[in-house]
Amino acid sequence: MTRIMVFGTFDMLHEGHEDFFKQARALASDPYLVVSVARDSAAARHRGFAPQKKEDERRALVAEQKLVDRAVLGDEVGFIAHIKAEAPDIIALGYDQAGEYVDNLETELAAAGLSPKIIRLNAYKPETFKTSKLRP
């Protein structure tokens, strides 16, 4: 079993997220997909505004997806603790994921004694399936 971890806020789930999960699972012949759902406070800090849905509701929605094996909440501060707890073999980043976590990811993982392979996934119709464009 290859543990693959992805990250996101998942304020709503759409076709772009389904493709994100499919791409991540396709990285291994025996995938176990762990989806890290951003905590409310971390999402607000990173995006500049709070998610519309609360973290427990967002995590539950992700957990219901057939492509997801496990949905967990991320850390309140930082990001290493929950990654270390899940011990992924692969971390798959979305095409548009950037910022403090992504910029320092390899360095922080190495400092924590972790060495998952990091792979950037492709966009799926970003002109249509992007939460910021779909949000009412």
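Guide: Here is a walk through the aromatic rings, then the helix and sheet around them. This is a predicted model, where local features need pLDDT of at least 70, side-chain atom pairs count only at pLDDT 80 or more, and totals for chains, interfaces and linings use all residues. Residues are numbered from 1 along each chain as its sequence is written, and side-chain values use heavy atoms, with hydrogens and water left out.

A search of the whole structure finds 2 aromatic pairs. Rings of Phe, Tyr and Trp (its six-membered ring) pair if their centres lie within 6.5 Å; planes under 30 degrees apart count as stacked, over 60 as edge-to-face and the rest as tilted. Phenylalanine 10 and phenylalanine 21 form a tilted pair, 5.7 Å centre to centre with 40 degrees between the planes. Phenylalanine 10 lies in the loop between S1 and H1, and phenylalanine 21 in helix H1, so the pair ties together parts 11 residues apart in sequence. Helices (H or I, at least four residues) and strands (E, at least two) are DSSP runs, numbered from the N terminus.

Phenylalanine 20 and phenylalanine 21 are also tilted, with centres 6.0 Å apart and planes at 35 degrees.

Buried means under 20% relative accessible area, exposed over 50%, partly exposed in between (1.4 Å probe, protein chains only). Phenylalanine 10 is buried at 4%. Phenylalanine 21 is buried at 2%. Phenylalanine 20 is buried at 11%.
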